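The entries follow the order of my reading.

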Amino acid sequence: MTFEQPMPAGGRLVVNYAAIVNAMLLLLVSLGSFTFIEPSPYDLVLVAFFGVWLLSGFRVHSSIIPLAALVVLGNLMSFISIIPWFHVDDSFIYWAQSLYLSITVIFFAVLFGEDGLRRSDLLLRGYLISCIVAAVVGVIGWLDIGGTAVYFSPEGRAMGPFKDPNVFGSYLIAGYLFLLQRMLLGLTKGVIGVTLSLATILLLLSGVFLSFSRGSWGAAATATVLMSAMTYYIAEGAGARRRLVVIFAIVVAAAVAALLVALSIEQVRDVFLVRASLSQDYDVGETGRFGNQLRSLPMLLELPFGMGPLRFRSFFGLDPHNSYIGAFANAGWLGGFAFLFLIGVSTFVGFRLCFAPSPFRRNAQVVFIALLMFFLQGFQIDIDHWRFVYLLMGGVWGLEAARLRWLEKVSAQEQNAPPARA
């Protein structure tokens, strides 16, 4: 879309808002990993981005209505739950941040619903840039180059430009999947291209490993299997599938070799053996993470409006470390069920998008698999304030809207096509 505005000299200035929106999208996503300061550069760019996007004009597809309805219901119940706690700063700030993030998911759904192919390409490329920067910072911090460990790898766990090693490790998975898919589909060309892609994959996996996050490790392994299976499904011809199997084997072998080398380092091996345990000291016991979750269930059954945003910790001394229990604690029964339905419907939409033939399927597979890993991690960590969860969720719904628009266009063209001659 272009907008013409008179110039003082009598000429006309043509502003290509579509190009500006796409450029700002790339910038926004590229800054996604810089979350160690508040407000983050991502948030500041997003505010400006939103204003430019409004000027550019937009259309809202009806398929986004269920998303908006569930988001509105969840936030309405969260507002009711916070009424007794408006005077408590941390609860109010948490509620306000939740409202802000909820608005972003609708914004991204509408954004990717138009020009979905180009914008999802920019999303993935910008995300990859941010992952590379984050991984480099994380590895440098873990190696304590220039005394950076105190900032980027406290307690021997890489966290890069994030505040939490678990968030850092999980964030890198989408960038890794993007490169893995391109290699599996043979889109990475030439010896140099393949070498650079493989080296970048190892860099990102190194960041995941050095985060020593059990959830990130499991998510990376599960995502690898899912991506390989989906890529195999859409590969055309026996030759393409044989190449896919070979490349998959090479990537796995390289990752295993890198893991063995890393475990040969005593410092790495010691932390790995501690973190590889299925349960940690803070998990077990009546007052551990799992104990708190079990003890909270009878209480939540008696609190239809929940405990209030961020009030779980006032009862148990810790956050729930389970986004699904947290949803009921923060927003009550209706808010909790709205969150469950949002996750369930988003998962359904994502799988349909990944398997239904369309121009958006390849990009959607990366976006949705990464999002699905966050949904699974929600059972053992609080993901409800992770900005990129809302970015990817909006991407899934937006690409589904783009797919439906594409189907409508194809159907209209078929109806208007002249009948075939006998």
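Before naming any helix, I noted the rule: helices are DSSP runs (H or I) of at least four residues, numbered from the N terminus. I also noted that the model is a predicted one.

Entry on the chain. I counted 16 helices and two strands. I then checked the overall form: a compact globule of 422 residues would have a radius of gyration near 22 Å, and the chain has 23 Å, which agrees. The C-alpha atoms fill a box of roughly 75 × 55 × 55 Å along the principal axes. I found 52% of the 422 residues buried. The chain exposes about 19700 Å², and carbon and sulfur atoms supply 70% of this area.

Entry on the largest pocket. I recorded a volume of about 1200 Å³. Its lining has 42 residues, and nearest the centre lie Asp-164, Val-167, Asp-382, His-385 and Trp-386. Among the helices that each supply at least two lining residues are α7 (165–184) and α16 (387–416). By class, I listed 17 nonpolar, twelve polar and 13 charged residues in this lining.

Entry on the second largest pocket. I recorded a volume of about 670 Å³. Of its 25 lining residues, Leu-205, Phe-209, Ala-255, Val-256 and Leu-259 lie nearest the centre. Two or more lining residues come from each of α8 (190–210), α9, α10 (238–263) and α11 (266–275). The lining holds 23 nonpolar residues, two polar and no charged.

Methods: Residues numbered from 1 in each chain as written. Predicted model: local features only at pLDDT ≥ 70, side-chain atom pairs only at ≥ 80, totals over all residues. Heavy atoms only, no water. 1 Å grid on protein atoms, 1.4 Å probe; cavity = no way out; pocket = protein on both sides within 12 Å on 5 of 7 lines; lining within 4 Å. Points joined across faces, edges and corners; volume = space filled by probe spheres on them. Nonpolar A, V, L, I, M, F, W, Y, C, P; charged D, E, K, R; others polar. Rg over C-alpha atoms; globule rule 2.2 N^0.38 Å. Buried < 20%, exposed > 50% of the residue type's maximum accessible area, 1.4 Å probe, protein only. Areas by Shrake-Rupley, 256 points an atom, 1.4 Å probe, with all protein chains shown as cover.
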